[in-house]
Amino acid sequence: MCALPLAAAAVTAPRIQLQLLCRGLVAAMSTARPLKSVDYEVFGRVQGVCFRMYTEDEARKIGVVGWVKNTSKGTVTGQVQGPEDKVNSMKSWLSNVGSPSSRIDRTTFSNEKTISKLEYSNFTIRY
């Protein structure tokens, strides 16, 4: 018997479990209460200070989905989706906290709307 299929199965199993967990999270969030989606842009010292990494970490802690990326203008932009209370928590974090070395001058929010289902399965950094 070749060990390679067993090794591949050992690597694949945790990934499948994580995917199932994410699907369960998405399903729970999409049926529990109304969902919100909002776009954001953060101005200030937000590039070169791990802002995207901290944003991804905070979004996962709060339990929202979406994305974050740097812009050519020196800002950080993205989208957050989830239950309204969790989206509001993330909006507050994006406006007032950020990464430890960042300086948030202002944050703008646009295209805020109620959605029937989540468009993303997790929160990611885009490049």
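Tutor: Let's start with Arg-103, which forms a salt bridge with Asp-105, and the closest N and O atoms of this pair are 2.8 Å apart. By salt bridge I mean a side-chain nitrogen of Lys or Arg within 4 Å of a carboxyl oxygen of Asp or Glu. Arg-103 counts as partly exposed, at 45% relative accessibility; the scale here is buried under 20% relative accessible area, exposed over 50% and partly exposed in between, using a 1.4 Å probe and protein chains only.

A quick word on the ground rules. This is a predicted model, in which local features need pLDDT of at least 70 and side-chain atom pairs count only at pLDDT 80 or more, while totals for chains, interfaces and linings use all residues. Residues are numbered from 1 along each chain as its sequence is written, and side-chain values use heavy atoms, with hydrogens and water left out.

The structure holds 5 salt bridges. Another one of them joins Lys-73 to Glu-41, with 3.0 Å between the closest N and O atoms. That pair links distant parts of the chain, 32 residues apart: Lys-73 is in the loop between E2 and E3, and Glu-41 is in strand E1. Helices (H or I, at least four residues) and strands (E, at least two) are DSSP runs, numbered from the N terminus.

Lys-61 counts as exposed at 60% relative accessibility, and Asp-57 is partly exposed at 39%.

Now for the sheet. It is open, has 5 strands in the order E4-E1-E3-E2-E5, and its pairing is mixed; two strands pair if DSSP finds at least two bridges between them. E4 (103-115) and E5 stand at the edges with a single partner strand each, so one side of each has no neighbour in the sheet. From one strand to the next, the twist averages 15°. Helix H2 (residues 51-62) packs on this sheet, touching E1, E2, E3, E4 and E5, and its direction makes about 170° with that of E5. Such angles run from 0 to 180 degrees between N-to-C directions, with axes as lines fitted to C-alpha atoms, for helices over the stretch in contact; contact means heavy atoms within 4.5 Å.

Strand by strand, E1 (residues 35-45) and E4 pair in the antiparallel sense over 10 bridges, and Gly-44 has Ile-104 as its bridge partner in E4. E2 (residues 65-70) and E3 (residues 76-83) also run antiparallel, joined by 6 bridges, with Val-65 partnered by Gln-81 in E3. Their hairpin has 5 residues between the strands, and there Gly-74 takes a positive phi near 85°. E2 and E5 (residues 123-125), by contrast, run parallel, with 3 bridges; Gly-66 has Phe-123 as its bridge partner in E5.

One more lysine is worth a look: Lys-91, in helix H3 (residues 84-96). Lys-91 is buried, at 18% relative accessible area. Leaving aside neighbours within four places in sequence, Lys-91 is in contact with Val-38, Phe-109 and Glu-112.
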